[in-house]
Amino acid sequence: LDVTNDESVDKAAAFVRKDLESKNLQLVGLVNNAGVLKFGTIEEFDLDDAKWIFNVNFFALYRMFRSLGKDIRESAGRVINMSSLDGLSAFALVGTYSASKFAMEAFSDSLRREMIPFNVSVSVIEPGVVKSDMSMKTDFEVLLEGGSKDPYIDLKRSMLAEFEQMGDSPYEPIVCSEAVIDALVNPYPKTRYVLALFISE
């Protein structure tokens, strides 16, 4: 499933719908978990990269719900969106990522209100620092290659050192999985699941 491609999303939705119908089952849960991250200052950030981040982290929500929303409404099901604490507070070098997560928060709040008449719950998972290779997919050296000529070099070095320290988080991904399960099966799911706060010594 490519969440950035309308045809791929519709094809996946049709596959799921056909499979469930063959088993006389309804679709009762949609978990939007796709996400990408790239570091960079707002001034330097490539616009195509910004569009890519929003396409995966935000516009995919529209594609998925547009394709499966009717099924979720009819089953009075659950929608769970994987956000981030960066969707509540934005830090340097992750402004574009945070902006996409802020947008997800607004999307989720609005959708939640629209779904009240259909008894559909909409929950947001907001992990802090969880062990993951997501940030490791960024080439940090590229951010520092400007050296002393880069007006942001001190900020970048400081923030990257902080991100590296956060990489030692004691929280395993299971904390997110447990929150997703609770949002799917709890009779009274939370609106927001704030997870894995990390405070360095």
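This is a predicted model: local features need pLDDT of at least 70, side-chain atom pairs count only at pLDDT 80 or more; totals for chains, interfaces and linings use all residues.
1. Strands of a sheet pair through backbone hydrogen bonds, either parallel or antiparallel. Here four strands form an open sheet in the order E1-E2-E3-E4, and their pairing is parallel. From one strand to the next, the twist averages 15°.

2. Pairing of E1 with E2. Four bridges link E1 to strand E2 (residues 78–82), in the parallel sense. Within this pairing, Gly29 has Arg78 of E2 as its bridge partner.

3. Helices on the sheet. Helix H2 packs on the sheet and touches E1 and E2; the direction of H2 makes about 170° with that of E1. Helix H3 (residues 95–115) also packs on the sheet, where H3 touches E2, E3 and E4, and its direction makes about 160° with that of E3.

4. Pairing of E3 with E4. Strand E3 (residues 121–127) and E4 run parallel and are joined by four bridges. The student may locate Ile125, which stands opposite Tyr193 in E4.

5. The two faces of E4. In a regular strand the side chains alternate between the two faces of the sheet. For strand E4 (residues 192–195), Tyr193 and Leu195 make up the covered face, while Arg192 and Val194 make up the uncovered one.

6. Packing of H1 with H2. Two packed helices are described by the angle between their axes and the distance between the axes. For helix H1 (residues 6–22) and helix H2 (residues 47–75), the axes come within 9 Å and cross at roughly 25°. Angles under 35 degrees count as roughly parallel, and H1 and H2 are therefore roughly parallel to each other. H1 passes H2 in a crossing that is right-handed. On the H1 side, the contact is made by Asp6, Val9, Asp10, Ala13 and Arg17; on the H2 side, by Arg63, Met64, Arg66, Ser67, Leu68 and Asp71. Sorted by class, this contact of H1 with H2 has four nonpolar, one polar and six charged residues.

7. Packing of H2 with H3. The axes of H2 and H3 lie 8 Å apart, and the helices pack at an angle of about 15°. H2 and H3 are therefore roughly parallel to each other. Their crossing is right-handed. The residues of H2 that meet H3 include Ile53, Phe54, Phe58, Leu61 and Phe65, and those of H3 that meet H2 include Ala99, Ala103, Met104, Phe107 and Leu111. By class, the contact of H2 with H3 has 14 nonpolar, three polar and two charged residues.

8. Ala76. This residue is placed in the loop between H2 and E2. The phi of Ala76 is near 50°, which is a positive value in a residue other than glycine. Ala76 has a relative accessible area of 34% and is therefore partly exposed.

9. Leu93. The loop between E2 and H3 holds Leu93. Although Leu93 is not a glycine, its phi is positive, at about 75°. Buried means under 20% relative accessible area; Leu93, with a relative accessible area of 4%, is therefore buried.

Note on methods. Residues are numbered from 1 along each chain as its sequence is written. Side-chain values use heavy atoms; hydrogens and water are left out. Axes are lines fitted to C-alpha atoms, for helices over the stretch in contact, and angles run from 0 to 180 degrees between N-to-C directions. Angles under 35 degrees count as roughly parallel, over 145 as roughly antiparallel, 65 to 115 as roughly perpendicular and the rest as oblique. A crossing is left-handed if the near helix is turned anticlockwise from the far one by less than a right angle, and right-handed if clockwise. Contact means heavy atoms within 4.5 Å. Ala, Val, Leu, Ile, Met, Phe, Trp, Tyr, Cys and Pro count as nonpolar, Asp, Glu, Lys and Arg as charged, and the others, Gly among them, as polar. Buried means under 20% relative accessible area, exposed over 50%, partly exposed in between (1.4 Å probe, protein chains only). Two strands pair if DSSP finds at least two bridges between them.
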